[in-house]
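Please look through the structure shown below with the briefing beside it.

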Amino acid sequence: MTEPTQTRTETRKNIPQLCRKSGQPLMPQQINGISSEAGAYSMYPFHSLGANKIRQGYASLADWILEQKKVVIDGYSGVLWETVYRSLNTAFQEKGVRVHWIFTDDYLKPEIEIDALVAPFLGAEDAVWGTRCTRSLSDFFDVNRLAAIEPDATADCTLVVGTGAALCGWEAPVVYLDVPKNEIQYRMRAGAVTNLGATTPTLAARMYKRFYFVDWVVHNAHKKQILNRITVLGDVQWADTLSWALSADIRPAFAHMARSSFRVRPWFEPGAWGGQWMKDHIPGLNPEEVNYAWSFELIVPENGIVFESNGCLLELAFDFLMLWDAVAVIGRHADFFGDEFPIRFDFLDTWNGGNLSIQCHPRLSYIRKHFGERITQDETYYILDCQNDAKVYLGFRDGIEPGVFRDALENSHRNQVEVPVAEFVQVHKAHKHDLFLIPNGTVHSSGANNLVLEISSTPYIFTFKMYDWLQVDLNGEPRAINIEHAFNNLRFDYKGSYVSKELLAHPRLISNGDDWEIYHLPTHPHHFYDVHRVEFDSRISFTTDESCNVLMLVEGSSVTVQVAGEERVYHYAETFVIPEAAKSYTVINNGTQRAKMVRVFIKESIDHLKIDDNDGR
């Protein structure tokens with residue numbers, strides 16, 4: 001027997017009036033909606049699927065659904081399920097067909113039980129961080145009831161709709177709806193979505209913490225579990241429409257991408273210390289935004305990949321590429337990193353802005369013990385551009401007394417008084433193309449008037465702020481200070497002459513030809529990745545050497561990359577990836593002046609990651 005289910009009525013959730021809260025533009029659904037300047041950085045890089053592969057609108061999806069007898073519609077957090085239901089239902093009504101709807105939110109456990117389920121992973125209520133969730137999506141549902149539901153044989157079609165729909169276990173086509181991470185956050189800020197199993201929105205910071213440590217973790221594991229059952233992939237970042245394609249058309253495109261080259265779609269955020277460089281150099285950014293602090297160039301837990309067909313665009317999470325083809329993308333160390341892409345590129349823009357907080361990142365054993373992560377934030381600052389007075393704060397001065405430093409920080413936090421930072425922390429003048437090394441536990445900050453290319457390992461929210469120059473956030477509130485966590489991780493022996501010898505990269509020429517040179521910018525032993533700067537006039541060729549290669553043109557206009565029998569053009573400041581399976585590639589300078597490019601790859605040995613560093617607290 002089919003268990004009676006509740007039909008959608010006005011007593012159920014209403015569609016929110018405001019679906020997103022952000023000054024950033026929504027990605028257009030069509031190429032002709034993209035404004036761009038020839039020869040400039042593109043905010044919406046896309047990869048073509050060929051003709052007639054992407055369809056748009058709920059009416060077209062309804063037509064496809066009606067060709068089946070039963071369909072499962074699952075999806076990621078942030079889907080506006082009420083919009084999905086009403087849009088599809090309108091299309092079915094116009095066709096005069098009867099559809100039996102089954103909604104997964106009717107099978108969620110009571111909210112009080114779910115709150116107890118997630119509480120161990122959220123830490124203290126006022127804590128910035130939680131711990132990576134070890135639960136599965138099925139733990140949030142009464143799976144026995146969900147597995148017992150049956151199709152209605154008298155209906156034209158039966159649909160199981162909502163997060164976790166595939167848990168019903170039906171042998172039926174699975175439609176999977178995806179939402180970009182930035183749009184999930186904009187919907188969260190608007191109160192348009194809730195956390196998994198919650199009935200109402202809460203404060204944005206609290207919701208984000210639960211998304212990061214619980215929702216996204218269990219959603220990613222569920223997506224991996226059902227990956228090969230997915231028939232249709234849909235992008236529902238727009239409030240009242242969608243783009244969708246057959247998995248059979250998407251999967252070969254990902255496979256090709258894993259053997260050629262690609263860019264992810266970047267996105268941008270303002271912040272307390274944000275600057276104006278990106279606003280002046282990247283076409284398409286909202287010029288009315290107060291500033292831009294970050295660009296998510298290649299923070300792949302947050303980025304998506306955009307596909308195109310007949311001018312139609314569809315974005316899917318980068319996760320799909322890694323789930324299907326991690327070995328081809330990463331190379332020799334895929335067995336350690338699994339389906340998590342390890343290298344991160346982003347911009348920190350303080351140009352005519354402010355200083356970043358004085359901060360450090362957790363040691364390896366600390367992040368594993370306290371937050372459930374496998375790797376930590378070992379960073380570098382590559383100075384892409386800077387003004388004459390720009391500086392970087394890095395490492396301690398000789399004679400540092402930790403107790404005196406801590407007293408100054410705590411007094412500032414209590415009484416809102418300035419800290420004489422330069423009495424404790426070394427101040428270095430910044431120059432274009434400098435590389436500053438920031439292994440875990442190192443005190444650091446970017447000063448004002450830099451455009452930093454931050455090259456790092458993938459974790460990206462574990463920043464222990466000690467002093468924030470008495471700045472407030474864009475809502476006028478003080479930002480969280482984490483002195484206790486910081487002092488559990490600071491390396492006070494990274495001081496004095498050690499800093500100039502070991503934390504400032506000293507470029508060394510390692511190879512050259514008639515019109516090219518390759519410099520090694522050595523990273524610290526804690527870093528599992530290495531950095532080369534390539535300078536060339538005409539062209540240069542590389543092998544991937546068993547690692548993914550992440551590159552950016554840091555001086556010049558554009559380059560053409562020849563790889564896998566194709567040519568792709570990448571412009572100044574655009575991040576692009578050559579997967580390991582591409583094996584070799586050639587880069588051609590399209591400008592009249594010498595080009596400079598950073599090339600980042602995983603070191604041959606990452607043995608230090610395979611054991612704890614034994615110095616976490």
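This is a predicted model: local features need pLDDT of at least 70, side-chain atom pairs count only at pLDDT 80 or more; totals for chains, interfaces and linings use all residues.

Residues are numbered from 1 along each chain as its sequence is written, and side-chain values use heavy atoms, with hydrogens and water left out.

- Helices (H or I, at least four residues) and strands (E, at least two) are DSSP runs, numbered from the N terminus, and contact means heavy atoms within 4.5 Å.
- The expected span of a helix is 1.5 Å times one less than its number of residues, so the 15 residues of helix α2 (residues 81–95) should span 21 Å, and this agrees with the 21 Å between its end C-alpha atoms.
- A residue is called buried under 20% relative accessible area, exposed over 50%, and partly exposed in between, using a 1.4 Å probe and protein chains only.
- In α2 the buried residues are Trp81, Glu82, Thr83, Val84, Tyr85, Leu88, Asn89, Ala91 and Phe92.
- Just after α2 comes Gly96, which takes a positive phi of about 70 degrees.

**Cavities**

- Rolling a probe the size of a water molecule over the atoms shows where empty space is left.
- On a 1 Å grid over the protein atoms alone, a cavity is a set of points where a 1.4 Å probe fits but cannot get out, and lining residues have an atom within 4 Å of a point.
- Grid points are joined across faces, edges and corners, and a volume is the space filled by probe spheres set on the points.
- The structure holds three cavities of 30 Å³ or more, and the largest cavity has about 100 Å³ of space.
- Among the 16 residues that line the largest cavity, Asp178, Val179, Pro180, Lys181 and Ala317 are the closest to its centre.
- Strand β12 (residues 312–317) gives the largest share of the lining of the largest cavity, namely three residues.
- Ala, Val, Leu, Ile, Met, Phe, Trp, Tyr, Cys and Pro count as nonpolar, Asp, Glu, Lys and Arg as charged, and the others, Gly among them, as polar; by these classes the lining of the largest cavity has eight nonpolar, two polar and six charged residues.
- The second largest cavity, with about 70 Å³ of space, is lined by Gln24, Pro25, Met43, Tyr44, Asn182, Tyr186, Arg265, Pro266, Trp267 and Phe268.
- Two or more residues of the lining of the second largest cavity come from each of α5 (181–189) and β9 (267–269).
- The lining of the second largest cavity divides into seven nonpolar, two polar and one charged residues.

**Cysteines**

- A disulfide is a pair of cysteine sulfur atoms within 2.5 Å, and the structure holds zero disulfides.
- The closest cysteine sulfur to that of Cys168 is in Cys157, 12 Å away, which is too far for a bond.
- Cys168 is buried at 4% relative accessibility, and Cys360 is buried with a relative accessible area of 0%.

**Residues in loops**

- His433, in the loop between β17 (425–429) and β18 (435–438), has a phi near 75 degrees, a positive value in a residue other than glycine, and counts as buried at 10% relative accessibility.
- Trp469, in the loop between β21 (464–467) and α13 (483–487), has a positive phi of about 55 degrees although it is not a glycine, and is partly exposed with a relative accessible area of 22%.
- Thr350, in the loop between β13 (343–349) and β14 (358–360), is buried with a relative accessible area of 0%.
- Leaving aside neighbours within four places in sequence, the contacts of Thr350 include Trp273, Leu356, Ser446 and Asn450.
- His361 lies in the loop between β14 and α11 (364–371), is buried with a relative accessible area of 1%, and has its C-alpha atom 8.2 Å from that of Leu490, although the two are 129 residues apart in sequence.

Definitions and conventions:
On a 1 Å grid over the protein atoms alone, a cavity is a set of points where a 1.4 Å probe fits but cannot get out, and a pocket is an open set with protein on both sides within 12 Å along at least five of seven lines; lining residues have an atom within 4 Å of a point.
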